[in-house]
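Please keep the sequence and the structure in view while reading.

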Amino acid sequence: MTELLRLSKRMSELGLCSRREADEWIARGWVRVDGKIVSELGSKVFPHQRVSVERQAAAEQSKRVTILINKPVGLVSGQAEDGHQPAIALVKAENRWAECAVNNQFHPTQLISLVAAGRLDIDSVGLLVLTQDGRIAKHLIGQDTSVEKEYLVRVQYTKPGRLPEKDLRLLNHGLSLDGKKLIPAKVRWQNDDQLNFILKEGKKRQIRRMCEMVGLEVLGLKRVRIGKVKLGKLPEGQWRYLQDDEQF
């Protein structure tokens, strides 16, 4: 017999919204199962049942913003910690990039439930995504995500000579962190002192730890792309809205 699923979990699986949003919409009476409104939290459905949402839910979701920041060194991605400011502190009218192409007026309500979809270390710079949209957060940092993240990494070899080719191959595939084999990466030389990393996972300080294992010291790290969205010319310390025609 097919197993029953929590309605909120099923809505998330279908890509309708996040589980937190699903609970909110269910409580407001904005969710239908096989055409009937279901407003009881914790309700369960069979996978074959048709789940739909009312227009109010779609309208509210369309108002949710996603913001791209070029994070400088010294800011943390999420909650403030150890006296360091969070990246969200940059999201104010005066820091909006003058070339932002989205015709959307900034309002402080856009900071409500705006969360980092992925981390970028305090000593790293570059593209950071903050979003109110649970679907985007799930796509970027959900358990099954395979979205590429691209980094430019300035390094210095701590041993005599140059990094051996076999160690470059190890960076691409063969290293383990925290007792688990890393997913294959794409790592190549960008120039004499800079590597280009493309990863499909994001363990804590992953690139720095990978480099350390083959004798490389990281002098600078910049994220330049997440999925199909590039940092481009966005100046450091400034932000812009994700455009309607941009998808990760």
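Are Trp 239 and Tyr 241 buried or exposed? Trp 239 is buried, and Tyr 241 is buried as well, where buried means under 20% relative accessible area, exposed means over 50%, and partly exposed lies in between (1.4 Å probe, protein chains only).

The model is a predicted one, in which local features need pLDDT of at least 70 and side-chain atom pairs count only at pLDDT 80 or more, while totals for chains, interfaces and linings use all residues. Residues are numbered from 1 along each chain as its sequence is written, and side-chain values use heavy atoms, with hydrogens and water left out.

**Aromatic rings**

Rings of Phe, Tyr and Trp (its six-membered ring) pair if their centres lie within 6.5 Å, and planes under 30 degrees apart count as stacked, over 60 as edge-to-face and the rest as tilted. By this rule there are two aromatic pairs. Because the ring centres of Trp 239 and Tyr 241 are 5.0 Å apart and their planes stand at 90°, this pair is edge-to-face. Together with Phe 106, Trp 239 and Tyr 241 form one aromatic cluster.

**Domains**

**Nonpolar cores**

A nonpolar core is a set of buried Ala, Val, Leu, Ile, Met, Phe, Trp, Tyr and Cys residues joined through side-chain atoms within 4.5 Å. The largest nonpolar core has 37 residues, and those with the most contacts inside it are Leu 171, Phe 197 and Leu 216. Its largest share, four residues, comes from β9, a strand being a DSSP run (E, at least two residues) and a helix another (H or I, at least four), each numbered from the N terminus. Domain 2 and domain 3 both give residues to this core, so the core lies between them. A second, separate core of 14 residues includes Leu 127 and Phe 248.

**Helix α6**

Among the buried residues of α6 are Ile 207, Met 210 and Cys 211, and what covers the buried residues of α6 includes β9, α5 and β14.

Conventions
Domains from an automatic or database assignment. Contact = heavy atoms within 4.5 Å.
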